[in-house]
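Here are some notes to read beside the sequence and the 3D view.

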Amino acid sequence: MSRVLIVGAGLTGSLCACLLRRELPNKVNIVVWDKSRGAGMMLKEEEIVNYVTPHGVSSIVKHYLKESAGAEVLYDRHVTHIHRKDTGWEVCRKGGTPERFDIVVLTMPVPQILQLQGDVESWMGENQRRMLEAVSYSSRYALGLFYKAVTRIDVPWAAKYVSNNPCIRFIAIDDKKRNLASKNCGPSVVVHTSVPFGIQHLEEEKDAVQPIILEELKKVMPDLPQPDSIKCQKWRYSQVTRSVADFPGQMTLHSQPLLVCGGDGFTHSNFDGCIESALKVFEVLKSSL
């Protein structure tokens, strides 16, 4: 059996694991690594259809990982080096022992692929490198506001897009959106900033940006109660604004042993783009196994 490492437990990576388990159950031993700690409704706005998963995008990822039953899914695995080793790859991570794999699939953001050390750079052609370096991403901030159980947030919606504020782009009453409202658990509000705001404040510290977001949020929701706690998160690689040209869905860096890249950086940054990439990567995997 071939030992396959999928780096990145997002939509593309989790669907790849699901397809491998479903279609090639007797040919692969699947391992999924992700650097993080863990892995809808429809709204229309100005002729644009926006989809929101009631239980969060992570619920879709968890579904695919569940469907890949038997896959070894591990978090806090930050890949740093990839070396060619005999007929396979030796993959190194922060704070861990190197491991051997027959096939490696990289589905993290393109800039993180370019940061990998080891033999990746030597197997990457000059033209491929230029294409990867041309990929660009938008950036934004997310703010979570958490309230005590007795707090009420009286708004007639669970989530909405905001088009008339330079900072705020999306707001969700998270417990209501997930249909988890409870008398014993306080509500929470999730706020996403606009892309221009994210770019403008990208290199600033989160502690400096948080008060600005809160001030703008007051303009949009002036009756919002004072939260019990707040968490601010920076998304440096939020959505792809320019994807890899001429490599729809995937880019094969080395064929034997196989080292292939995928993700929305090779298609376009939405649900369909991630699915399209996963299908293209799976085609390459299937043909090599």
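1. Buried means under 20% relative accessible area, exposed means over 50%, and partly exposed is in between, with a 1.4 Å probe and protein chains only. By that rule Glu 216 is buried, with a relative accessible area of 14%. The model is a predicted one: local features need pLDDT of at least 70, side-chain atom pairs count only at pLDDT 80 or more, and totals for chains, interfaces and linings use all residues. Residues are numbered from 1 along each chain as its sequence is written, and side-chain values use heavy atoms, with hydrogens and water left out.

2. Glu 216 lies in helix α8. Helices here are DSSP runs of H or I with at least four residues, strands are runs of E with at least two, and both are numbered from the N terminus. Leaving aside residues up to four places away in sequence, Glu 216 touches Asn 165, Pro 166, Cys 167 and Ile 168; contact means heavy atoms within 4.5 Å.

3. Which residue forms a salt bridge with Glu 216? The partner is Lys 219, and the closest N and O atoms are 3.1 Å apart. A salt bridge is a side-chain nitrogen of Lys or Arg within 4 Å of a carboxyl oxygen of Asp or Glu. Both residues belong to helix α8 (residues 206–220) and sit three residues apart, about one turn of the helix. Lys 219 is exposed, at 57% relative accessible area, whereas Glu 216 is buried.

4. The whole structure holds six salt bridges. One of them joins Arg 100 and Asp 86, at 3.9 Å from N to O. Arg 100 is in strand β8 (residues 99–101) and Asp 86 is in the loop between β6 and β7 (88–93), so the pair ties together parts that are 14 residues apart in sequence. Arg 100 is partly exposed at 40% relative accessibility, and Asp 86 is exposed at 59%.

5. Another salt bridge links Glu 99 with Arg 3, where the closest N and O atoms are 3.0 Å apart. Glu 99 is partly exposed, with a relative accessible area of 23%. Arg 3 is also partly exposed, with a relative accessible area of 23%.

6. Arg 77 deserves a separate look. This residue lies in the loop between β5 (72–75) and β6 (79–85). Arg 77 is buried yet has no salt bridge, and the nearest side chain of opposite charge, Glu 99, is 5.5 Å away. For charge, Lys and Arg count as positive and Asp and Glu as negative, while His and the chain ends are not counted. What lies 3.0 Å from a polar atom of the side chain of Arg 77? It is the backbone oxygen of Tyr 75. Arg 77 also touches Trp 33, Asp 34, Lys 35 and Arg 93, again not counting residues up to four places away in sequence.

7. Next, a helix with a buried side. In α5 (residues 126–133), Gln 128, Arg 129, Met 131 and Leu 132 are buried. They cover an arc of only 160° around the axis, which puts them on the same side of α5; the arc is that of the directions from the helix axis to the C-beta atoms. These buried residues pack against α3 (110–114), α4 (120–123) and β16 (250–254).

8. Now the sheets. Strands of a sheet pair through backbone hydrogen bonds, either parallel or antiparallel. Two strands count as paired if DSSP finds at least two bridges between them. β6 and β10 pair in the parallel sense over two bridges, and the bridge partner of His 81 in β10 is Gln 117.

9. Is strand β14 (residues 188–193) largely enclosed or open? Five of its six residues are buried, so β14 is largely enclosed by the rest of the structure. Five bridges join β14 to β11 (residues 136–146), running antiparallel, and Phe 146 stands opposite Ser 188. Five bridges also join β14 to β13 (residues 168–173), again antiparallel. There, Ile 168 has Thr 193 of β14 as bridge partner.

10. Last, a loop residue. Asn 26 lies between α1 (11–23) and β2 (28–34) and is exposed, at 67% relative accessible area. The C-alpha atoms of Asn 26 and Met 1 are separated by 7.1 Å, although the two are 25 residues apart along the chain.

Conventions. Polar contact = N/O pair within 3.5 Å; in protein donor to acceptor, adjacent residues only side chain to side chain.
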